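Overall figures come ahead of local detail.

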Amino acid sequence: MLEAVHERWEIAGGFAISRGSRTHADVVVATIRDGAHLGRGECVPYARYGESIDGVLAQIASTAPLIEAGLTRTDLQALLPAGAARNALDCALWDLEAKRAASTAAALAGLASLKPLTTAFTISVGTPEKMAADAGKAASRPLLKVKLGGAGDVERIAAVRAAAPQARLIVDANEAWDPSCFADNMAACVTAGVELIEQPLPSGDDGLLATVARPITICADESLHTRDDLSALRIRYDAVNIKLDKAGGLTEALLLAKEARAHGFAVMVGCMLGTSLAMAPAVLVAQDADYVDLDGPLLLSRDREPGLRFEASRLYPPEPALWG
């Protein structure tokens, strides 16, 4: 039996990127039951990719007869396009398979014992003063991910660096830069010691990246969904951000990570803003990642229980009661 529900989770203090702000994380949870066992997967429908809560719920519901007839993960890849709905179903099937086998998803994927990871912690975009205050509170964390917004980023990144002088910094512009501010913002990031810049230019309008010096690793986010995108990105990007909601689940994400390495990309494993149930499958992909950004639960007022265990920015592998 297949069920899918919409859940809302309050964000602690709100969350802002270049495209807007919000106070709640809206997620969809798919549950597949076979009587004795159940598997769950969580996804985050994202308007940037033409998704909605209702649309994703409808996509999931459309698969119910096939799921109940024994649809496999392999079948699912051809049935639904990459995106949030396929992610929730794919992860639910992984979880169900692990429970049926009295094993773990990591073992089924052929992975060694999972190890703890250090995740980035996100600083929302805002005024330089607000971002400095937020960075100061998080200054003891080893890796901060700083959301930027285009105009004014020179002042923002300088303020964050001054407030967190010892933290490693990565930044995410969420497509907000353009040629008029690119050089100044890049120079400010170099001065601040930023290690990586995510998606500075809009997907589909990022040709500038192929023609300018890249003194900092440039990472494709909105420009990268599945393995099909990799070959076209190499001339413009040095790294890729793999998210299960973009890839359409753990099955594709594991293959994407392997192929990205073969193409010479550095790998980040990131997330949409969700609970520990969404992060847990990504922990498998993140085991060998260069950068891990799975801090979604840390940004919520409360997480689901049981959830992942965090010790500051240290993220521990999921227990079977949560997923996998």
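1. Helices (H or I, at least four residues) and strands (E, at least two) are DSSP runs, numbered from the N terminus. Residues are numbered from 1 along each chain as its sequence is written, and side-chain values use heavy atoms, without hydrogens and water. The model is predicted: local features need pLDDT of at least 70 and side-chain atom pairs pLDDT 80 or more, while totals for chains, interfaces and linings use all residues.

2. Overall form. The chain has twelve helices and 14 strands. Its C-alpha atoms fill a box of roughly 60 × 40 × 40 Å along the principal axes. The radius of gyration, taken over C-alpha atoms, is compared with a globule rule of 2.2 Å times the number of residues to the power 0.38. For 324 residues a compact globule would come out near 20 Å, and the chain's 19 Å agrees with that.

3. Burial and surface. Buried means under 20% relative accessible area, exposed over 50%, and partly exposed in between (1.4 Å probe, protein chains only). Of the 324 residues, 55% count as buried. The chain exposes about 12,800 Å², of which carbon and sulfur atoms supply 53%; these areas come from the Shrake-Rupley method with a 1.4 Å probe.

4. Contacts along the sequence. Contact means heavy atoms within 4.5 Å. Among contacts between residues at least 6 apart in sequence, 65% join residues at least 24 apart.

5. Helix 12. This helix, residues 276–285, is mostly covered, with ten of its ten residues buried. Among them are Ser-276, Met-279, Pro-281 and Val-285.

6. Helix 7. In this helix (residues 153–163), the buried residues include Asp-153, Arg-156 and Arg-161, as well as Ile-157, Ala-159 and Val-160. Their cover includes helix 6 (128–137), strand 6 (143–147), strand 7 (168–172) and helix 8 (179–191).

7. Arg-73. This residue lies in helix 3 (residues 73–79) and counts as buried because its relative accessibility is 18%. Its side chain makes a polar contact with the side chain of Glu-97 at 3.1 Å. A polar contact is a pair of N or O atoms within 3.5 Å; within protein, one must be able to donate a hydrogen and the other to accept it, and residues adjacent in sequence count only if both atoms are side-chain atoms. Leaving aside neighbours within four places in sequence, Arg-73 is in contact with Asp-90, Leu-93, Trp-94, Glu-97 and Thr-251.

8. Glu-7. This residue is in strand 1 (residues 2–17). Its side chain makes polar contacts with the side chains of Trp-9 (3.1 Å) and Arg-304 (2.7 Å). Not counting residues up to four places away in sequence, Glu-7 touches Ala-25, Asp-26, Val-27, Val-29 and Arg-304.

9. Backbone points to check. The peptide bond from Glu-305 to Pro-306 is cis, with omega near -5 degrees; Pro-306 is in the loop between strand 12 (291–292) and strand 13 (310–311). Two residues other than glycine have positive phi: Asn-174, near 50 degrees, and Ala-312, near 55 degrees. Asn-174 is in the loop between strand 7 and helix 8, and is buried, with a relative accessible area of 4%. Ala-312 lies in the loop between strand 13 and strand 14 (314–315) and counts as exposed, at 56% relative accessibility.
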